[in-house]
Amino acid sequence: MMPSILVTGANRGLGLEFVRQYAADGWQVHACCRDPEASTDLSEIAAGSDGRVTLHALSIGEAGSIARLARELNGAPIDILLNNAGTYGLKGFAEGGMEAQAFGGMDYEGWEHAFAINTMAPLRLIEALIGNVAASEQKKIFTISSSMGSIAAPPGGHLAYGSTKAAVNFVMSTLAMDLRGRGITVMSLHPGWVQTDMGGSMAPVSPQASIAGLKKVMAGASLATSGHFIGWDGNRVPW
């Protein structure tokens, strides 16, 4: 049986590159995003995959949508559950979002939205699909975080985004302990500053390089490294 991975936020950026590389490796890929048919690139990958890439509509911030996905998957084993979907906030990084996350100018509605997507949704998805992960051979759960959520080395500013990533790191670290008895590996991942819509064109790391590095980290992950926060380059990131 071919290994399987479920990727959220699969229609662009890091998520799309995850789908592309795992599909090329012959994996069964469950690609999830709000409107799969609207993503030409994702649809093209699925069309050329001989059925290995399946598309699933998922609004990650909606509990009902997650429940529908769980029913759709119907207990199918998932070797890797990858929480990739995320948001900088209601105002994007390139849309003046930094000013809306600075002291004195905080967009509190945007902060609530970021917490719902970046922190609460990953846990809700894990709870809904934990049986699928437990039924697999590899039993691994990852969440794409960011070094901007590091309390040990905060970048300054970015209060909403950084705090949601720090919070999801706590969630993942706690789940690593809670799920260890079931043989499930849980880790947070830092993809680097990547050339995506969020990272911008000035970022030093390409999506291809970031995902290739993260795949090596994910392949080598085990219960011995469960609970760690690891970067795309294989180095541990300070909490």
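Residues are classed here as buried under 20% relative accessible area, exposed over 50% and partly exposed in between, with a 1.4 Å probe and protein chains only. The structure is a predicted model, in which local features need pLDDT of at least 70 and side-chain atom pairs count only at pLDDT 80 or more, while totals for chains, interfaces and linings use all residues. Residues are numbered from 1 along each chain as its sequence is written, and side-chain values use heavy atoms, with hydrogens and water left out.

Secondary structure elements are DSSP runs numbered from the N terminus, with helices (H or I) of at least four residues and strands (E) of at least two. Helix α1 spans residues 13-24 and helix α6 residues 207-220; their axes come within 9 Å and cross at roughly 65°. Axes are lines fitted to C-alpha atoms, for helices over the stretch in contact, and angles run from 0 to 180 degrees between N-to-C directions. On the α1 side, the contact (heavy atoms within 4.5 Å) is made by Leu 14, Glu 17, Phe 18, Gln 21 and Tyr 22. On the α6 side, the contributing residues are Pro 207, Gln 208, Ser 210, Ile 211, Ala 212, Leu 214, Lys 215 and Met 218. By class, eight residues of this contact are nonpolar, three polar and two charged; Ala, Val, Leu, Ile, Met, Phe, Trp, Tyr, Cys and Pro count as nonpolar, Asp, Glu, Lys and Arg as charged, and the others, Gly among them, as polar.

Two salt bridges are present in the structure, each defined as a side-chain nitrogen of Lys or Arg within 4 Å of a carboxyl oxygen of Asp or Glu. In one of them, the side chains of Glu 17 and Arg 20 are joined at an N to O distance of 2.8 Å. Both residues belong to helix α1 and are three residues apart, about one turn of the helix. Glu 17 is buried, at 5% relative accessibility, whereas Arg 20 is partly exposed, at 36%. A salt bridge also pairs the side chains of Lys 215 and Asp 25, with an N to O distance of 2.4 Å. This pair connects distant parts of the chain, 190 residues apart: Lys 215 lies in helix α6, and Asp 25 in the loop between α1 and β2 (28-33). Lys 215 is buried, with a relative accessibility of 15%, while Asp 25 is partly exposed, at 45%.

A search of the whole structure for disulfides, taken as pairs of cysteine sulfur atoms within 2.5 Å, returned zero. Cys 32 is in no disulfide, and its nearest cysteine sulfur, that of Cys 33, is 7.9 Å away. Cys 33 is likewise in no disulfide. Both cysteines are buried, Cys 32 at 1% relative accessibility and Cys 33 at 3%.

Positive phi values occur at Asp 50 and Asn 74, neither of which is a glycine. For Asp 50, phi is about 55°; this residue lies in the loop between α2 (40-47) and β3 (53-57) and is exposed, with a relative accessible area of 73%. For Asn 74, phi is near 50°. Asn 74 is placed in the loop between α3 (63-73) and β4 (80-83) and counts as exposed, at 67% relative accessibility.
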